[in-house]
Amino acid sequence: MIIKELTKHFGTITAVDMVSFSIDTPQMVGVIGPSGAGKSTMLRMINRLTEASQGSIQVNGREILDLKGNEKRRWQRDCAMIFQQFNLVPRLDVVTNVLLGRLNGHSTLKSLFSVFGKVLVEDALAALERLGIADQALQRAETLSGGQQQRVAIARALMQKPKMVLADEPIASLDPLSAEKVMSSLREIRDRDRLTVICNLHTLDTARTYCDRVIGMHKGRIVFDDEPSKLTPDVVRDVYGAEQELNESVTSTAITKQGAEIDQALAEVRMAS
Ligand code: ADP
C-alpha cells in the first residue's frame, strides 16, 4: 500500500495533512499521537469510511480512493475495521455477531438466508475458538466483558477474510489484562495470517511491545515513522508536543529504562506547558 499526500479538511480544520507512507510487507504498525492528531481520520480514510479531500492510496496498482459501489464495499471488507466501542449488535448472540462479518458489504435478505450454512457457522466457531471465547458463542454479546466483546469483534473481522486489519483505539476502554489479550490477538493476526495490522494506540509502551513500526502524528502530520526502538524522549516531545495535557496514561506502566526516560521527558513537557 502506497499512501501519498493524504489530506482531510473538515471545514477550516485540516485533520490529516499531506500524509505519505507505504507498507510493503506485512507489518504491525502502531499510530500514536495526542487526541485530535488525525489518527482516526487517517484510518477511516484508508477504509473509505471518511472521504479524503486529496491524495492517493494505491494498493496493487489500484487507486483505492476512486473505488465505487461493489468495488468500494469489497475494499471495505478487505480492510476489516475494529473500533474502540466494538460495534457489535448487543442483543444478538456472539456467533451471529461473528457471522455478520461475512455479510459485510452485501447485507440483503437473500444473503442472510443463503449465507448462514453449516460451513460458515463452523468457521465462526473456529474463529471464536482461536480468540479464546468459544464458550460464550451462544451468549448475547451485551453479556460479555469489554475485552471479550473486542475479541468477538476481532473474530468477526477474521470472518471477513481480510487482507489488512485496521484497529481504531481497540484497547482504549479496556482494563490492562483485557488490553493485553486483545493486542496479542492482533499481533497473532500479523504473525500467523501474515496480515498488516494498523492500530491507533494511546500508550507508548503498547506500541513498543506489539508493533514492528510506529507512526507518530501531530496536528495531522507524520512527525515520526520508524521502529519502536527509535522512540526516544525527543521524539516523544515532537509527537505529543507541549500543548497536550499529558498524563501518565500516555506512557502507561512502562518500567524499562527507556520508559522511565520517556516519563521524564513527558514530565518536562508538562512543566513547560
Ligand atoms: P485522533 O484520532 O488523533 O484523536 P481525529 O482524527 O479524531 O484525531 O480528529 C482530528 C481532527 O479532526 C480533530 O480536530 C477533530 O475534531 C476533527 N474531526 C474529526 N472528525 C470530524 C468530523 N466528522 N467533523 C468535523 N471535524 C472532525
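This is a predicted model: local features need pLDDT of at least 70, side-chain atom pairs count only at pLDDT 80 or more; totals for chains, interfaces and linings use all residues.
The protein chain as a whole has ten helices and ten strands, and of its 273 residues 39% count as buried. Among the contacts in the chain with a separation of 6 or more, 69% are accounted for by residues 24 or more positions apart.

- S1 and S2 are part of an open sheet of four strands, which has the order S2-S1-S4-S5 and antiparallel pairing.
- The edges of this sheet are formed by S2 and S5, each of which pairs on one side only.
- Helix H1 packs on the sheet, where it touches S1, S2 and S4, and the direction of H1 makes about 60° with that of S2.

**The shell around the ligand**

- The ligand is surrounded by Phe 10, Ile 13, Ala 15, Gly 33, Ser 35, Gly 36, Ala 37, Gly 38, Lys 39, Ser 40 and Thr 41.
- Strand S2 (13-22) and helix H1 (39-46) each supply at least two residues of this shell, and H1 gives the most to it, with three residues.

**Thr 50, between H1 and S4**

- Thr 50 has its place in the loop between H1 and S4, and it counts as partly exposed because it has 17 C-beta neighbours inside 10 Å, a count that falls between the 12 or fewer of an exposed residue and the 20 or more of a buried one.
- Not counting residues up to four places away in sequence, Thr 50 touches Lys 8, Thr 41, Arg 44 and Met 45.

- Strand S3 (residues 28-32) is largely enclosed by the rest of the structure, because five of its five residues are buried.
- Met 28, Gly 30 and Ile 32 point one way from S3, whereas Val 29 and Val 31 point the other way, and all are buried.

- Helix H3 (94-103) is mostly covered, with seven of its ten residues buried, namely Val 94, Val 95, Asn 97, Val 98, Leu 99, Leu 100 and Gly 101.
- The buried residues of H3 pack against helix H5 (118-130) and helix H6 (146-159).
- The largest nonpolar core has 69 residues, of which Val 98 and Val 165 touch the most other members, and H6 gives the most to this core, with seven residues.
- Leaving aside neighbours within four places in sequence, Val 98 is in contact with Ala 124, Ala 127, Leu 128, Val 152, Ala 155, Arg 156 and Met 159.

**Two loop residues with positive phi**

- Asn 60 has a phi near 50°, which is a positive value in a residue other than glycine, and its place is in the loop between strand S4 (54-59) and strand S5 (62-63).
- Asn 60 is exposed because 7 other C-beta atoms lie within 10 Å, and a count of 12 or fewer defines that class.
- Phe 86, also not a glycine, has a positive phi of about 70°, and its place is in the loop between strand S6 (79-83) and helix H3.
- Phe 86 is buried because 22 other C-beta atoms lie within 10 Å, where 20 or more are required.

Conventions:
Residues are numbered from 1 along each chain as its sequence is written. A residue is near a molecule or strand if its C-beta atom, placed from the backbone, lies within 6 Å of it. Two strands pair if DSSP finds at least two bridges between them. Two residues are in contact if their C-beta atoms, placed from the backbone, lie within 7 Å. Axes are lines fitted to C-alpha atoms, for helices over the stretch in contact, and angles run from 0 to 180 degrees between N-to-C directions. A nonpolar core is a set of buried Ala, Val, Leu, Ile, Met, Phe, Trp, Tyr and Cys residues joined through C-beta atoms within 7 Å.
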